[in-house]
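Please look over the chain shown below before reading on.

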Amino acid sequence: MRSDTNHASRPKKPITGEDLSDSDDPLGPPVHFGAPPLEEPPLDLKHPVPYYSPHLGEFERFWVDRSSFFLDKGYEVRERHRPGWIASWSASGKDELMCEDGLIRMFTHIIDAKRRSDGLGVVIKMTYKQKQEVDIVRYLSSSQFLLDKTNHTVPILDIFQDPYNPEIEHLVMPVLRRYDSPEFGAIGEVVDFVTQVLEGLVFMHSHGIAHNDCTENNIMMDGRPICPQGWHPILEMFSPDYSNYAKTLSRIDHPVQYFFIDFGLSHRFLPGQRHVVLDYGGADQDVPELRKDQPYDPFKLDVYTLANIFMKRFHQKYLGLEFLGELVDFMRVEKPSKRPTAQMSLEVWQSIKGGLEATHARWRLRKPDESMSERVVLDAVAAARSSIHEISRYFI
C-alpha cells in the first residue's frame, strides 16, 4: 500500500526543548527522522502521446514504457499495459467495467504481472528515492532468513534498477490477498492469525526492524491454499479471468500464511542504537504517542497498532473471543514506557492460547447483530462442514 499518502496533512514540527520536557516519557533526541511525503517520480514518457492507448491513465503510460524491460526480466504485465493494446470493449460494445482489461489499480506505483517461468502471479512495486525501504526488504528476504518460519515479512522475489531513472527501483513480490478476505469463520482461524502476526512482529523487532505502520492494510495472506483456482489481482473476489466469482475454502481446513507488507515507513536500527524516531507515524492515529509531534519508540508503536487490530477486527466484532481481551489490555497500555515489548506480548499470548480448549477451534464465529434465523442457518452450515471434515478423516 502507499505509505506516503496517509500523512501529508500532518506538518512535521522540529524538535525543541519544550517538546521533550512536555513528554511523559522523554526519550532524548531521535536517532531517525522520517522523510517528508514523497513526490511522484517524473513520468518522462519515452514516446509521443498518440503512441499510447487513449484509455490509459497518465501513469499507466509509465508502465507501458517498461513492459518490454519487465519481459526481459521474466515478468509479463497484463495486456492493458503492453504496447499496442486495443481496449476489448471497443469492438465488443460491452461496458468497460465488465471487461478484464478495463480494470485498473487504485495505486499507481504498483502493477501486476506473471512470472513467465511458472505463471506465478506477482506485483511489481515502484520505489522512488526509497533506499531505506529497499535496504530493509532486501535484508529481511536474505538467505539467512528464508527458512525461519517466524519470518512473516513479504517475500521479495526480485529487485532491479529502473532502465531509465536511476532513483527508481522495482520490487517484485507474489500476489497476496487481504488478511480478512474472505472473512474469518472459526475461532481456530483467529488463534492462528494472532499467533502468526505476533511471531512476525517479534521476528522483525529481534532483527532491529520497526515496521511503524503494521495496520490492517499492511497485513496480507498467501491465499493459494483457500483459493486454489486463483483470483484476480485487482478484484480478488473474482476469478483470474474476471468471468466469475473466485471460489474460496475455509482456513480451518486449509491453513494460510500471513505476511507484513510495505516497509516505506519502517526503520532499521543497529545494535546499541536507541529506538527513538521523529516522523509522521503510521496510519493508526489512535496510538497515544502520535497525538503530539515528539520523538517516540516505533517498536512500542507497533505493539499498540497490532493490538488495535486484535481489538477492533476480532474482539469487538465477534462473539466467543473473550480470551483476546486479556491480550488486548496487556498490549494497549497508554504510556509507551509501560507498554510491553512484542516478545512479552507473544509470551502472554502463548499462555492464553495454552489454556484454550482444542475442541473449540472449529466453533463458528458469531456476530452480535445476527438474527435468530441467520444464526440457525449459519450454525447448520458450520455443523455440516464440521461433519464432512470428521468423515473425510476416515477416507483420506
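**The interior and its rings**

The largest nonpolar core has 62 residues, of which Phe193, Leu306, Phe310, Phe314 and Leu327 touch the most other members. A nonpolar core is a set of buried Ala, Val, Leu, Ile, Met, Phe, Trp, Tyr and Cys residues joined through side-chain atoms within 4.5 Å. Buried means under 20% relative accessible area, exposed means over 50%, and partly exposed lies in between (1.4 Å probe, protein chains only). This is a predicted model, in which local features need pLDDT of at least 70 and side-chain atom pairs count only at pLDDT 80 or more, while totals for chains, interfaces and linings use all residues. Residues are numbered from 1 along each chain as its sequence is written, and side-chain values use heavy atoms, with hydrogens and water left out.

At least two residues of this core come from each of helix H4 (131-140), strand S6 (168-174), H5, strand S9 (219-222), strand S10 (257-260), H6, helix H7 (323-331) and helix H8 (342-354). Helices (H or I, at least four residues) and strands (E, at least two) are DSSP runs, numbered from the N terminus. H5 gives the most to this core, namely 11 residues. Another core, of 18 residues, lies apart from the largest one, and Phe69, Ile111, Leu120 and Val172 are among its members. In soluble globular proteins, nonpolar side chains tend to be buried together.

Rings of Phe, Tyr and Trp (its six-membered ring) pair if their centres lie within 6.5 Å; planes under 30 degrees apart count as stacked, over 60 as edge-to-face and the rest as tilted. By this rule there are 25 aromatic pairs. The ring centres of Phe69 and Phe160 are 5.5 Å apart and their planes stand at 80 degrees, so this pair is edge-to-face. Phe69 belongs to helix H2 (residues 58-73) and Phe160 to strand S5 (residues 158-161), so that the pair links distant parts of the chain, 91 residues apart. Both Phe69 and Phe160 are buried. A tilted pair is formed by Phe193 and Phe314, with 5.2 Å from centre to centre and 40 degrees between the planes. This pair also links distant parts of the chain, since Phe193 is in helix H5 (residues 187-206) and Phe314 in helix H6 (residues 298-315), 121 residues apart. Phe193 is buried, with a relative accessible area of 0%, and Phe314 counts as buried at 1%.

**Two helices**

Helix H2 has 16 residues and spans 24 Å from its first C-alpha to its last, close to the 22 Å expected at 1.5 Å a residue. The expected span is 1.5 Å times one less than the number of residues in the helix. H2 has a kink of about 45 degrees centred on Arg66, where the bend is the angle between axes fitted to the seven residues ending there and the seven starting there. The cover over the buried residues of H2 includes strand S2 (75-77), strand S3 (110-115), strand S4 (121-128), S5 and S6. Just after H2, Gly74 takes a positive phi of about 105 degrees.

Helix H5 has 20 residues and reaches 29 Å from its first C-alpha to its last, close to the expected 28 Å.

**Loops and the chain as a whole**

What is the peptide bond from Ser181 to Pro182, cis or trans? The bond is cis, with omega near 5 degrees, and Pro182 is found in the loop between strand S7 (177-178) and H5. Lys129, in the loop between S4 and H4, has a positive phi of about 55 degrees although it is not a glycine. Lys129 is partly exposed, with a relative accessible area of 40%. Asn212, in the loop between strand S8 (209-210) and S9, has a positive phi near 80 degrees and counts as buried at 0% relative accessibility.

The chain as a whole has 9 helices and 12 strands, and buried residues make up 48% of its 396 residues.

Note on methods
Contact = heavy atoms within 4.5 Å.
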